[in-house]
Amino acid sequence: MNIVVMPGDDIGPEIVRAALTALRAADEVHALGLRLTTVDVGMASYRAHGTTLTDAALQAAIDADGVVLGPCGMTDYPPRDQGGVNVPGTIRKRLELYANLRPARSRPGVPDARRKLDVLIVRENTEGFYADRNMFQGIAEFMPTEDVALSVRKITRQGSRRIAKVAMEYALRRGKRVTAVGKQHVLQVTDGLFMSEAHAAAKANPEIAFREMDVDAMAADLYSRPERHDVILITNMFGDILSNEAAALSGGLGLAAALNSGDRHAIANAGHGSAPDIAGRGIANPCGMILSTAMLLEWLGVRHNKPSCIEGARAIEAAVDAALLDDSVRTADLGGRGGTQSFGDAVAARVRAGHAIAGTPA
């Protein structure tokens, strides 16, 4: 399988390098047959080609079996008409990545993690209040007068139906519980449509325990009673906000893993920014990027019916948990003394060690 690697900006190349160290270890011990091809995007691409995303780079993502994309520092990009293309946004649209999957759980060895937290936020990724992605032409924010600004929220039946289906599919592989989150009594039409599809999906999957919850109540419940929730089905902006809360409750944004997926494509893209203030110092936490890469492996395994990819994903996940127990390996944001690449090396070593232990005769 061909995996295109796009290192991104700022800390992107550092955390992607660490993630690839772990991925190569899983490839080696589980015989995954991965082919890794690096393609520059972001400012590296702009300096070489005058655009942050070339047509060739976009085509490489389309043709790949999967993509590993580092965070992109879009606030520093030039205007779009001068080559500053929104890299993740453009790829997301062209590859129709309508599902943003963001897991969060407490892990042994991580200080400040909320006990009993283990959720997967299934966030609709193409609609909602995001003005850059929900119109055919133009954007969904406008000013009819100089004193009035308006924003349009787009919710479609098709978009709601397909993200609800994804939530149910993941719930069947996890704890068979789905909480659909919105604010239906206020956003009666848009959340009404979204929730009607959520309820229809729940009716089609009677083995899944289903509930509906207001977003403000969920924000409190994630903190006070996280064990009540497993898969959280949610619209775009509400999902963006709650997933950051969940990542913080798991111990910090450095642990924020994410997968953007659709029917045919998926991209591992950690759920945090490019952190230019710490770029080049070797201190960025690569956990989110490593875990995102593991999510991509699992997606590939399910899509292509390759158990070895699923095993590789589980091996990386277990190795991350094992590495986090060691404060000499954890990065400073988690109270440790390790660095970006040394953490990746530690995860890779534990992937190999775990395989060796599993292969030892009883």
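**Figure 1. Salt bridge between D326 and R350.** D326 and R350 form a salt bridge in which the closest N and O atoms are 3.7 Å apart; the term denotes a side-chain nitrogen of Lys or Arg within 4 Å of a carboxyl oxygen of Asp or Glu. The pair links distant parts of the chain, with D326 in the loop between α10 and α11 (340-358) and R350 in helix α11, 24 residues apart. Helices (H or I, at least four residues) and strands (E, at least two) are DSSP runs, numbered from the N terminus. D326 has a relative accessible area of 25% and is partly exposed; R350, at 27%, is also partly exposed. Buried stands for under 20% relative accessible area, exposed for over 50%, and partly exposed for values in between (1.4 Å probe, protein chains only). The model is predicted: local features need pLDDT of at least 70, side-chain atom pairs count only at pLDDT 80 or more, and totals for chains, interfaces and linings use all residues. Residues are numbered from 1 along each chain as its sequence is written, and side-chain values use heavy atoms, with hydrogens and water left out.

**Figure 2. Salt-bridge network of R105, R107, E317 and D321.** The side chains of D321 and R105 form a salt bridge (2.6 Å, N to O). Because D321 belongs to helix α10 (residues 307-324) and R105 to strand β4 (residues 99-105), this pair ties together parts that are 216 residues apart in sequence. Both D321 and R105 are buried. A salt bridge also joins the side chains of D321 and R107 (2.6 Å, N to O). R107 lies in the loop between β4 and β5 (118-124) and D321 in helix α10, so the pair ties together parts that are 214 residues apart in sequence. The relative accessibility of D321 is 16%, and R107 is buried with a relative accessible area of 10%. In the whole structure, the search finds 20 salt bridges.

Figure 3. S250 is placed in the loop between α8 (236-249) and β11 and is buried, with a relative accessible area of 3%. Apart from neighbours within four places in sequence, S250 is in contact (heavy atoms within 4.5 Å) with A104, R105, V110, A113, L117 and L255. A polar atom of the S250 side chain lies 2.6 Å from the backbone oxygen of A247. The C-alpha atoms of S250 and K116 are separated by 9.7 Å, although these residues are 134 residues apart along the chain.

**Figure 4. Open sheet of 10 strands with mixed pairing.** The strand order is β2-β1-β3-β12-β11-β4-β5-β10-β8-β9; two strands pair if DSSP finds at least two bridges between them. At the edges, β2 (35-38) and β9 (209-214) each pair on one side only. Neighbouring strands are turned by 25 degrees against each other on average, direction ignored. Axes are lines fitted to C-alpha atoms, for helices over the stretch in contact, and angles run from 0 to 180 degrees between N-to-C directions. Strands β11 (residues 259-261) and β12 (residues 266-268) run antiparallel and are joined by three bridges; L259 has A268 as its bridge partner in β12. Helix α5 (residues 157-173) packs on the sheet and touches β4, β5, β8 (177-182), β9 and β10 (231-234), its direction making about 160 degrees with that of β5.

**Figure 5. Residues 358-362, where pLDDT stays under 50.** The model has zero contacts beyond four places in sequence for residues 358-362. The term pLDDT is the predictor's confidence in each residue, from 0 to 100. For the protein, the mean pLDDT is 94, and 97% of residues reach 70 or more. Where pLDDT is low, the predicted coordinates should not be read in detail.

Technical notes: Polar contact = N/O pair within 3.5 Å; in protein donor to acceptor, adjacent residues only side chain to side chain.
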